[in-house]
Amino acid sequence: MTSMTEEAKLMCGITLVTIPSIEYGGYFLLTVLSGSFKKIEFNNFQKAMFRAGHAHAGVLVILSLICQVLADHAALSTLWVWMVRAGLPLAALMVSGGFFFSALYKNAVKPNGWIKLLYTGIFVLALSLIILGIGLLL
């Protein structure tokens with residue numbers, strides 16, 4: 001078995017350091033859903049968007065960590081590998097952020113303009129995965 005490259009270690013380290021923010025998001029979500037968050041009353045749309053944002057953050061961060069190791073074995077130029085390495089955790093931030101920010105305004109019943117962040121994140125995620133997949137198939 002080969003060891004991880006320094007690049008993979010760097011990106012995995014940075015990504016792992018961000019996980020407490022996902023944990024805090026889970027704590028926030030738990031307080032909102034349990035009714036113990038008293039500062040603001042959130043409606044069902046907002047709660048659903050917060051759930052989706054939290055779930056996507058966790059799943060996409062795990063995917064990002066796995067792909068850092070896979071990128072070590074892809075037949076891609078340095079530029080393309082770094083686009084994948086940076087694109088995957090960035091997509092996790094954008095997708096989850098799009099869910100949260102698009103429902104954060106008072107009495108939201110539909111997404112605001114921040115929903116564009118979600119769609120941009122979906123594009124970055126898909127592009128990063130396609131590039132990595134091609135690099136692994138070459």
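This is a predicted model: local features need pLDDT of at least 70, side-chain atom pairs count only at pLDDT 80 or more; totals for chains, interfaces and linings use all residues.

Where does Gln68 sit? I found it in helix α2. Then I listed its contacts, skipping neighbours within four places in sequence: Ala8, Met11, Cys12, Arg85 and Pro89.

Next I looked at Ser64, which is also found in helix α2, a helix that covers residues 44-71. Ser64 has 0% relative accessibility, so I put it down as buried. Once residues up to four places away in sequence are left out, Ser64 touches Thr15, Leu88 and Pro89. Pro89 therefore turns up on my contact list for Gln68 and on the one for Ser64, going by heavy atoms within 4.5 Å.

**Stepping back to the whole chain**

I counted the secondary structure and got four helices and zero strands. Read from the N terminus, the order is α-α-α-α. I boxed the C-alpha atoms along the principal axes and got roughly 50 × 25 × 15 Å. The chain has 138 residues, and 38% of them are buried. I also checked the contacts with a separation of 6 or more: 74% of these join residues 24 or more positions apart. For the accessible surface I noted about 8,300 Å², with carbon and sulfur atoms making up 73% of it.

How do α2 and α3 run relative to each other? Their axes come within 7 Å and cross at roughly 175°. Angles over 145 degrees count as roughly antiparallel, so that is how I recorded α2 and α3. I sorted the residues of this contact by class and got 16 nonpolar, six polar and one charged.

Then I turned to helix α1 (residues 6-34) and helix α3 (residues 78-101), whose axes are 11 Å apart at an angle of about 10°. That angle is under 35 degrees, so α1 is roughly parallel to α3. Which residues meet there? On the α1 side I wrote down Glu7, Ala8, Leu10, Met11 and Thr15, and on the α3 side Trp82, Arg85, Ala86 and Pro89. By class, this contact of α1 with α3 has six nonpolar residues, one polar and two charged.

I followed up Leu132 by itself. Setting aside neighbours within four places in sequence, I found Leu132 in contact with Cys67, Leu70, Ala71, Ala74, Leu76 and Val84.

Last entry: Asn107. I noticed a positive phi of about 60° there, although Asn107 is not a glycine. I placed Asn107 in the loop between α3 and α4. Its relative accessible area is 55%, so I marked Asn107 as exposed, the cut-off being over 50%.

Key. Residues are numbered from 1 along each chain as its sequence is written. Side-chain values use heavy atoms; hydrogens and water are left out. Axes are lines fitted to C-alpha atoms, for helices over the stretch in contact, and angles run from 0 to 180 degrees between N-to-C directions. Helices (H or I, at least four residues) and strands (E, at least two) are DSSP runs, numbered from the N terminus. Angles under 35 degrees count as roughly parallel, over 145 as roughly antiparallel, 65 to 115 as roughly perpendicular and the rest as oblique. Ala, Val, Leu, Ile, Met, Phe, Trp, Tyr, Cys and Pro count as nonpolar, Asp, Glu, Lys and Arg as charged, and the others, Gly among them, as polar. Buried means under 20% relative accessible area, exposed over 50%, partly exposed in between (1.4 Å probe, protein chains only). Accessible areas come from the Shrake-Rupley method with a 1.4 Å probe; for residues, only the protein chains shown count as cover.
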